[in-house]
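Biologist: I have a structure open and would like to go through it with you. Can we take it step by step?

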Amino acid sequence: MAKDPIPTIINVDLKKPYHEQPGLHTRWHPEIPFYCKVKPGEVFKVECFDSSGGQVFNTDDADDIKNVNPMGIHCLSGPIEVEGAEPGDLLIVEIQDVQPFPDEPWGYTAIMDPAKSSAFLGDIYPNMQKAIWDFNGIFASSRHIPHVKFPGFIHPGIIGTLPSYEMMNIWKERESKLVDFHASINTPHTVAALPNPEGAYAGQAVSAELAKKIAEEGVRTVPPREHGGNIDIKNLSRGAKAYLPVYVKGAGFSVGDIHFSEGDGEISFCGAIEMHGIITLKLGLIKNGMKDLSIYNPVFLPGPVEAHYGPSRYLTFQGISVDESGKQHFLDVKVAFRQAVLNAIEYLKKFGYSGEQAYLLLSAAPVETHISSIVDIPNSCVSYSIPADIFDFDIMPKEGGPTPQGDMGSTVFPTSK
């Protein structure tokens with residue numbers, strides 16, 4: 001007998017503003033009402049906006065990137081009530097499938113306004129730009145970054161459960177203290193994304209009073225936290241499982257920020273291939289799992305689906321804890337990672353890519369990153385590995401240097417003033 005079709009429990013209309021639709025929200029707060037309910041073991045589908053909530057389009061200019069409201073990003077589908085879930089349980093999230101909408105086979109990678117984002121190399125590449133990626137089955141290619149093609153690790157950037165008041169207030173207190181500590185040397189948005197009612201959408205809040213409360217109190221969706229959140233783990237793809245702590249009765253599971261592909265680090269902030277998508281899920285419970293298993297932060301089990309590149313076909317760049325000015329840092333992994341990325345970008349520029357093209361490519365492609373050493377004082381060592389076979393030309397080092405590939409096109413800029 002044929003199986004019954006898998007039900008879609010949250011639908012979105014991509015042609016309608018997200019803040020006019022039910023089953024969506026842009027903040028984490030314990031009082032966001034559940035949109036729907038599932039039983040453990042049920043299989044269902046959820047439709048999701050891209051990370052911008054439909055603010056970015058398949059065009060050859062970046063006016064949309066210029067006009068994005070960063071306070072309204074991460075439009076999440078949910079919250080979903082899980083029958084029987086209680087605080088202290090672990091929610092098992094099984095990702096059975098993730099796909100683009102059939103009539104929206106495209107995504108984008110972008111450099112955002114550094115005044116509004118925390119891009120890893122925003123000081124070096126401050127100009128807003130965008131690259132569109134077209135999907136052909138499992139493969140992505142771009143008219144704005146030519147000569148590359150790779151299969152996607154399609155995955156949700158954000159999965160999480162609703163926080164309790166206690167947990168939400170812990171997050172707000174510690175992140176506010178961090179901003180205060182760095183107040184003399186950093187602008188607030190580069191340190192933490194503190195609560196802000198601008199762009200907040202409370203989903204199914206049934207009264208203006210509750211919507212206002214959630215907007216003012218709710219925490220932003222920018223970072224990963226103890227409940228999951230913006231984890232951005234590329235291997236959390238089809239067939240993967242996540243184990244998330246439960247803080248409120250019913251769990252309140254939400255998902256969004258779907259990526260077709262992503263390089264480790266998602267370095268340009270809007271750095272994966274962002275897309276609208278449909279995710280197929282099955283949820284389960286481990287009762288009292290937080291205490292019984294001593295799991296108080298998410299645990300993940302990657303799925304069996306991944307791109308297969310031979311181990312000798314990754315060109316690996318090293319970074320150490322010495323910044324580009326020559327200053328020595330002590331076992332600083334972030335500095336080492338930055339240097340590895342910069343080394344890779346400078347190498348790719350030799351073939352004719354602009355720095356911005358290389359930056360966005362490394363954000364989007366299935367790049368592998370490892371902390372290779374963190375004990376050999378004074379330098380941490382980070383390895384940054386690019387699969388050579390995503391290119392249609394040879395990128396391996398050779399005598400005489402790289403062969404420029406001619407016209408490499410360009411990423412697109414805003415055209416409006």
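Biologist: Charges to begin with. How many positive and negative side chains does the chain have?
Modeller: There are 34 positive and 51 negative side chains, and the centres of the two sets lie 2 Å apart. Keep in mind that this is a predicted model.

Biologist: Why does the radius of gyration agree with a compact globule?
Modeller: Because a compact globule of 417 residues would have a value near 22 Å, and this chain has 21 Å. As for extents, the C-alpha trace spans about 65 × 55 × 50 Å along its principal axes.

Biologist: What share of the contacts comes from residues 24 or more positions apart?
Modeller: Counting contacts with a separation of 6 or more, 81% of them.

Biologist: Now secondary structure. How many helices and strands?
Modeller: The chain has 6 helices and 21 strands.

Biologist: Pick a strand. Is β11 mostly covered or mostly open?
Modeller: Strand β11, residues 155-161, is mostly covered, with 7 of its 7 residues buried.

Biologist: Which strands does β11 pair with?
Modeller: One is β15 (residues 251-259), in the antiparallel sense over 6 bridges. Another is β13 (residues 228-230), also antiparallel, over 3 bridges.

Biologist: What stands opposite I158 in those two strands?
Modeller: In β15, I158 faces G256. In β13, the residue opposite I158 is N230.

Biologist: In what sense does β8 pair with β7?
Modeller: Antiparallel, over 6 bridges; β7 is residues 106-111. Within that pairing, Y108 stands opposite I132 of β8.

Biologist: And β9, how many bridges does β8 share with that one?
Modeller: There are 4, again antiparallel, and β9 runs over residues 139-142.

Biologist: How many residues sit between β8 and β9?
Modeller: The two strands form a hairpin with 2 residues between them.

Biologist: Which residue in that turn has a positive phi?
Modeller: G137 does, with phi at about 65 degrees.

Key: Residues are numbered from 1 along each chain as its sequence is written. This is a predicted model: local features need pLDDT of at least 70, side-chain atom pairs count only at pLDDT 80 or more; totals for chains, interfaces and linings use all residues. Side-chain values use heavy atoms; hydrogens and water are left out. The radius of gyration is taken over C-alpha atoms; the globule rule is 2.2 Å times the number of residues to the power 0.38. Contact means heavy atoms within 4.5 Å. Lys and Arg count as positive and Asp and Glu as negative; His and the chain ends are not counted. The place of a charge is taken as NZ of Lys, CZ of Arg, CG of Asp or CD of Glu. Buried means under 20% relative accessible area, exposed over 50%, partly exposed in between (1.4 Å probe, protein chains only). Two strands pair if DSSP finds at least two bridges between them.
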